[in-house]
Amino acid sequence: MVSVPRLVIAAPASGSGKTTVATGLMAAFAGRGLAVSPHKVGPDYIDPGYHALATGRPGRNLDAYMCGPGLIAPLFTHGASGCDLAVVEGVMGLYDGASGQGELASTAQVSKLLRAPVVLVVDASSQSRSVAALVHGFASWDPEVRIGGVILNKVASDRHEALLREALDESGLPVLGVLRRAPQVATPSRHLGLVPVAERQTDALEAVRAMGDRVREGCDLDALMALARSAPALPDEAWEPQAYPQEGARPVVAVAGGAAFTFAYAEHAELLTAAGAEVAVFDPLHDEKLPAGTAGLVIGGGFPEVYGPELSANEPLRRAVTDLALSGAPVAAECAGLLYLARELDGRPMCGVLDASARMSERLTLGYRQAVAVSDSVLAVAGTRLRGHEFHRTVLEPGAGATPAWGLHQPERRVEGFVQQGVHASYLHTHWAAEPGVARRFVERCRG
C-alpha cells in the first residue's frame, strides 16, 4: 500500500484557471519546504514544464488513453515516490475525455483511479448565485468523483466574493480559496497552448513565482493539505522501467532538447537508461555536433517552425544528423523531429533525410489515434498496436513514405510517417511506458 497526500485540480471547462491554481499550489507548498510531485492529466507537454519550475521535479503526465487505465496509479506512484504531496492538474472540463470514449482519459476518471479528492476551480467572473447550481451539478454528476472543495477564480471585488460565498454555503462544499483577477500573472499562449518554459525561462520563473504568491495569499493551504491527506492509500505498486542485463559499453543515445524540442515524457529517458543506454541531451539550436559516440538519435516534438531560421542555419549539425541517418543508425523522430528530418520547412533547408516538404498550415490537427505498426522498424515489429496523439499545425507532403510508419484507425483510416533504413519518423506522439519493448528494441539496435 502506498500513501501519498494528493489533490486533483479540475474545472468545469478549459480557461477556468486550472494551470494557474495547480502551478501556484505546487509553488506555494514547495515554498513551505515540502517535496511536491507534479502531474498533468492527458498528453500535454507544456504545462509540465511550468510544474517542474514550481517544484524542482520532473513534470509527469497521466494519460489513460495512451497508457491505459491500469497504468495510471503505478505511474503516479512512481513519480510521487518520496514526496510529501502530489498535485495533479486536470485537462479540459472535469468530465471531458477522449472523443466518443465516455469517461476515458478524463480528469474524473483519473481522479477515481487515484482515489484522490478533487478541487474544482470555477471562473466566477460572470456569475453570482448561479455558481451554486454549477458546483452542485458537477459534484452530483458522478458519485464516485469526490469533490472536496472549490477555488473561486477571477473574483471582481469583496462584494462579489460575499455573494459567491453566500450561494455556496448551500452547496455543502467549502470554499478553499478566492483569487482576484490578476492579468500580471498571465502566461503567453500559442496555437498549441502556453509558450514552453524553455523559450521564456526568466519570464516563466517570474510567472510561476507570481502564481505561487497569488495562491498563497488567496487559498487556505492548511485546509487543502488536510484534504490531500484524506486520500486513502493506493494498493498499486509503483511503475518502474524494467532494467535488462548489460554487456559491454552502454550505447550513447542522443536526445534533442533545447527550446525547439521541448516535448518529451520523463519516462522515455528512464526507459532508455534502464534498457542500457547512456542518454545524452543536446540542443540543435546551438550544438554543431552530436554528442560524442552517438549510436542512436531521438528527436521529439516541439516548435521547429518557430526556430526554423536557426535550425536551418546550423548546417554542421544538420549534416551530422543526415550522416548518422544514412549510416543506418537508429533514429526515432516524432512530430517536430519529423519536420526536422524533412527536406525543407517553410522553404528553409532542413536535414533532408526524408524526401518530403513541410509547411505551416491554418488547420490544427489534434486528437487521439489508434495505430498499428505497418512494418518492422527500430521501434516496433509489424503489427504492434499503440495509442498515440497528434498535435500540430503543419502539413507534410507526402505524408507517408514508401514504407509508412503507422496505419491509423481513428478518426479515419490512413497511413502516415516514414520507415527507411534505421529511421522511424511520424507525426504520432506515443508514450513508451505503454509498450516498454519500444525502448528496449531501440537500444538493442543501437548496440548494432
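Two strands pair if DSSP finds at least two bridges between them. Helices (H or I, at least four residues) and strands (E, at least two) are DSSP runs, numbered from the N terminus.

## Basis

This is a predicted model: local features need pLDDT of at least 70, side-chain atom pairs count only at pLDDT 80 or more, and totals for chains, interfaces and linings use all residues. Residues are numbered from 1 along each chain as its sequence is written, and side-chain values use heavy atoms, with hydrogens and water left out.

## Strand E10 and its partners

E10 and strand E11 (residues 278–282) run parallel, joined by 5 bridges. Between them, the chain passes through helix H9 (residues 266–274) in a right-handed β-α-β crossover. Right-handed means that, with the strands pointing away from the viewer, the path from the first strand over the helix to the second runs clockwise.

Ala254 also stands opposite Leu297 in E12. Here 4 bridges join E10 to strand E12 (residues 294–299), again in parallel.

Strand E10 (residues 252–256) is largely enclosed by the rest of the structure, because 5 of its 5 residues are buried. Buried means under 20% relative accessible area (1.4 Å probe, protein chains only). Val252, Ala254 and Ala256 point one way; Val253 and Val255 point the other way.

## The seven-stranded sheet

An open sheet of 7 strands has the order E3-E2-E4-E1-E5-E6-E7, with parallel pairing. Strand E3 (60–62) and strand E7 (175–180) are the edges, each pairing on one side only.

Within this sheet, strand E5 (residues 118–123) and strand E6 (residues 147–155) share 6 bridges in the parallel sense. Asp123 has Asn153 in E6 as its bridge partner.

Key: Buried < 20%, exposed > 50% of the residue type's maximum accessible area, 1.4 Å probe, protein only.
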